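I opened this notebook page to keep track of what I looked up in the model, in the order in which I looked it up.

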Amino acid sequence: MASRKPLGLVANAIKRKDSFIQFFAMTGILLLSVRSLGQKYRIHDLIEDTSALKEEQKALADRMNYIKGALLQEASLEPTGLFASRLRLLFVEKD
């Protein structure tokens, strides 16, 4: 009775070629799916960050407009009006 020597990895792969090809294809699909899922969550996080930044930009613009108004109001109390006119020149918005 001859002892059966187990096949090596390469010999086993050649013998079951179709199974190995299917295994590598499925592994590739799984890795692409995991990568796609990671990108989906990254896009979701970036959308949330964009929304938060837009809100912060609006709050900063409102605050800046409030400060400009307060400065102009305080400058208008100055008797000569020179300071108020200078501030108006500085605050001119360019289109």
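Before going to the charged side chains I wrote down the rule: a salt bridge is a side-chain nitrogen of Lys or Arg within 4 Å of a carboxyl oxygen of Asp or Glu. I also noted that this is a predicted model, in which local features need pLDDT of at least 70 and side-chain atom pairs count only at pLDDT 80 or more, while totals for chains, interfaces and linings use all residues. Residues are numbered from 1 along each chain as its sequence is written, and side-chain values use heavy atoms, with hydrogens and water left out.

**Confidence and layout**

I looked up pLDDT, the predictor's confidence in each residue, from 0 to 100, and found that the protein chain averages 86, with 89% of the residues scoring at least 70. The protein chain has three helices and zero strands, and the order from the N terminus is α-α-α. Helix 1 has the lowest mean pLDDT among these elements, at 74, whereas helix 2 (residues 17-76) has the highest, at 93.

**Surface**

I took buried as under 20% relative accessible area, exposed as over 50% and partly exposed as in between, with a 1.4 Å probe and protein chains only. On that scale, buried residues make up 4% of the 95 residues in the protein chain. By the Shrake-Rupley method with a 1.4 Å probe, where for residues only the protein chains shown count as cover, the accessible surface comes to about 9200 Å², and 64% of it belongs to carbon and sulfur atoms.

**The salt bridge**

The count comes to one salt bridge, and I found it between Asp 62 and Lys 58, whose closest N and O atoms are 3.0 Å apart. Because the two residues are four apart in helix 2, about one helical turn separates Asp 62 from Lys 58. Asp 62 is partly exposed at a relative accessible area of 42%, while Lys 58 is exposed at 53%.

**The annotated segment and its aromatic pair**

In an unreviewed entry, UniProt lists residues 20-38 as "transmembrane region"; positions are given in the numbering used here, feature names are shortened, and annotations may be inferred rather than shown by experiment. In the model I read residues 20-38 as 100% helix and 0% strand, with the end C-alpha atoms 27 Å apart.

For aromatic pairs, the rings of Phe, Tyr and Trp (its six-membered ring) must have centres within 6.5 Å, and planes under 30 degrees apart count as stacked, over 60 as edge-to-face and the rest as tilted. The count is one aromatic pair. Phe 23 and Phe 24 form this edge-to-face pair, at 5.5 Å centre to centre and 65° between the planes, and both Phe 23 and Phe 24 are exposed.

I then looked up Asn 65, which lies in helix 2 and is partly exposed at 44% relative accessible area. Asn 65 and Phe 91 are 26 residues apart in sequence, and their C-alpha atoms are 9.8 Å apart in space. Arg 86 sits in helix 3 (residues 82-90) and is partly exposed at 48%. From Arg 86 to Ala 75 I noted 11 residues in sequence and 9.4 Å in space, C-alpha to C-alpha.
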